[in-house]
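Subject: Structure handover

Hi,

Here is the structure I said I would pass on. Have a look at it first, then read my notes below.

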Amino acid sequence: GPGGLALLGAVPGAPSCPHGPALLFVKISQGKEEGRRFYACAACRDRKDCNFFQWEDEKVSETRLAAREEYNRNHQPSFTHRQNVERYKNFVLLPLSKRRFCQECQQLLLPAEWEKHSSHQFLCDISTAQLRSPSQLLDPLENKKTNAQYLFADRSCQFLLDLIISLGFRRVLSVGTPRLHEMIQSKASQEEDFRVRSLLLDIDFRYSQFYMEDEFCHYNMFNHHFFGGEAAHETCRKFLYQDKGERVILVTDPPFGGLVEALASSFKKLMAMWKETEKQGNANQEMPMFWIFPYFFESRILEFFPSFSMIDYQVDYDNHALYKHGKTGRRQSPVRIFTNLSPSTIVLPMEEGYRFCSICQRYVSSGNQHCEICDSCTSKDGRRWKHCIVCKKCVKPSWFHCNNCNCCALQNHTCEKTDAGCFVCGKAGHKRSTCPSLS
């Protein structure tokens, strides 16, 4: 029957799969728990990607526990981060003619390993420029719910970096933003007076081939798990601690199919780690943050971070068919920046059509016109929205007020008197995806 899954969160002593400690879930119907609670993989929502499953009250035999530990060990990378660092140091000493990259194994190859990969496709003459841009050398992982590597277009990446510099930040905790990290690393290695530094936290271990141990940590943002254990956790803590925790910002670009509540929980733990570094008693301050996510998740993000606001800037991606800048109407990129910084401090490029609203005291897109009734620039998607007197709010230009539904909807929609209300809790006034019971 109608219902859904509720995330109960990370639980101490939870069993682990290759992606770290599992998360606890329960099936709910009409707002009530239904059936047994169970553990499932924190990173993968699709059982085909990781089939880990265990009932919360299940007694697991010693034999099965040992088999699971063996399975988890066998599904870890073939080299440790430290080994990859040593391999990289040897790789850069090679002449250009001996620098090879195996496209099948997604691995930098040393000459002694060529024979083993002889039947594979590989790239030759790997330049220093290519080593500084691993996101262009590696094949993107495109599972949208686990590790979707839709990589920032240069326009968005440069805008973010320029914004970070103009706001006075000198360190960036790059959570799932490999292209921003590599742009910072590349500039730092080429420009003597470039002062910004970055630490990349990412679930894609392939990046350990290109970065030192103080530049990259293998990390699962869905369960706040550092695969490198206490050493990696300490690397992150030290990075946040520099300059007494000042002038650092967390920038994150999670998979859009991921669970918002799981992400929010991890980000709060990173923020708490930063707060622990504070020696001057800024106990009420929040770590500055840019969370890059589609605008239609605004209510969910604000549920966990009430101090956040959405910026109109459209973030676009190189390898995503739809999320491109410059498209019009509904084809525009829906991806925005959510931040706890004051919107008035975030200057958007006027040459791209953004303008400053003196009433709202923030930059908005050209189509986002100020509504005198709402007293706000109300558009979320870049188009000019219109005010509905009956609904007492602005709605999308393609929507019309329906007297049967008593709300605005598309003109050719199917009228449904939702007697049952939300599928999850049964109450009216919201959809299943935004049900408070799910949090």
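Predicted model: local features only at pLDDT ≥ 70, side-chain atom pairs only at ≥ 80, totals over all residues.

**The chain as a whole**

The protein chain has 439 residues, and 48% of them count as buried. Its secondary structure comes to 9 helices and 26 strands. If you take the contacts with a separation of 6 or more, 57% of them are between residues 24 or more positions apart.

**Salt bridges**

I found 17 salt bridges in the structure. Glu 70 is in one of them: its partner is Arg 73, and the closest N and O atoms are 2.7 Å apart. Both sit in helix α1 (residues 62-74), and because they are 3 residues apart there, about one helical turn separates them.

Glu 303 is partly exposed, at a relative accessible area of 34%, but Arg 300 is buried, with 6% relative accessibility.

Asp 243 is partly exposed at 46% relative accessibility, whereas Arg 171 is buried, with a relative accessible area of 2%.

Next, have a look at helix α5 (residues 154-166) and helix α6 (residues 178-190). Their axes come within 10 Å and cross at roughly 65 degrees. The crossing of α5 past α6 is right-handed. On the α5 side, the contact is made by Cys 157, Gln 158, Leu 160, Leu 161 and Ile 164. On the α6 side, the residues are Arg 179, Leu 180, Met 183, Ile 184 and Lys 187. Sorted by class, this contact has 7 nonpolar, 1 polar and 2 charged residues.

**A buried strand and its neighbours**

How many of the residues of strand β13 (residues 216-220) are buried? The count is 5 of the 5, so the strand is largely enclosed by the rest of the structure. Both faces are covered: Phe 216, His 218 and Asn 220 lie on one side, Cys 217 and Tyr 219 on the other, and all are buried.

As for its pairing, β13 runs parallel to strand β12 (residues 197-202), with 3 bridges joining the two. In that pairing, Asp 202 has His 218 of β13 as its bridge partner. With strand β14 (residues 225-226), β13 pairs in the antiparallel sense over 2 bridges, and there the bridge partner of Asn 220 is His 225. β13 and β14 form a hairpin with 4 residues between them, and His 224 in the turn has a positive phi of about 55 degrees.

**A three-stranded sheet**

The last item is an open sheet of 3 strands, in the order β9-β8-β10, with antiparallel pairing. Its edges are β9 (107-109) and β10 (122-123); each has a single partner strand, so one side of each is left without a neighbour in the sheet. Strand β8 (residues 100-102) pairs with β10 over 2 bridges, and the bridge partner of Phe 101 in β10 is Leu 123. Helix α2 (residues 81-92) lies across β8 and β9, and runs at about 50 degrees to β9.

That's it from me.

Cheers

How values were computed
Residues numbered from 1 in each chain as written. Heavy atoms only, no water. Salt bridge = Lys/Arg side-chain N within 4 Å of Asp/Glu carboxyl O. Buried < 20%, exposed > 50% of the residue type's maximum accessible area, 1.4 Å probe, protein only. Axes fitted to C-alpha atoms, helices over the stretch in contact; angles between N-to-C directions. Left-handed = near helix turned anticlockwise from the far one by under 90°. Contact = heavy atoms within 4.5 Å. Nonpolar A, V, L, I, M, F, W, Y, C, P; charged D, E, K, R; others polar. Pairing = 2+ DSSP bridges.
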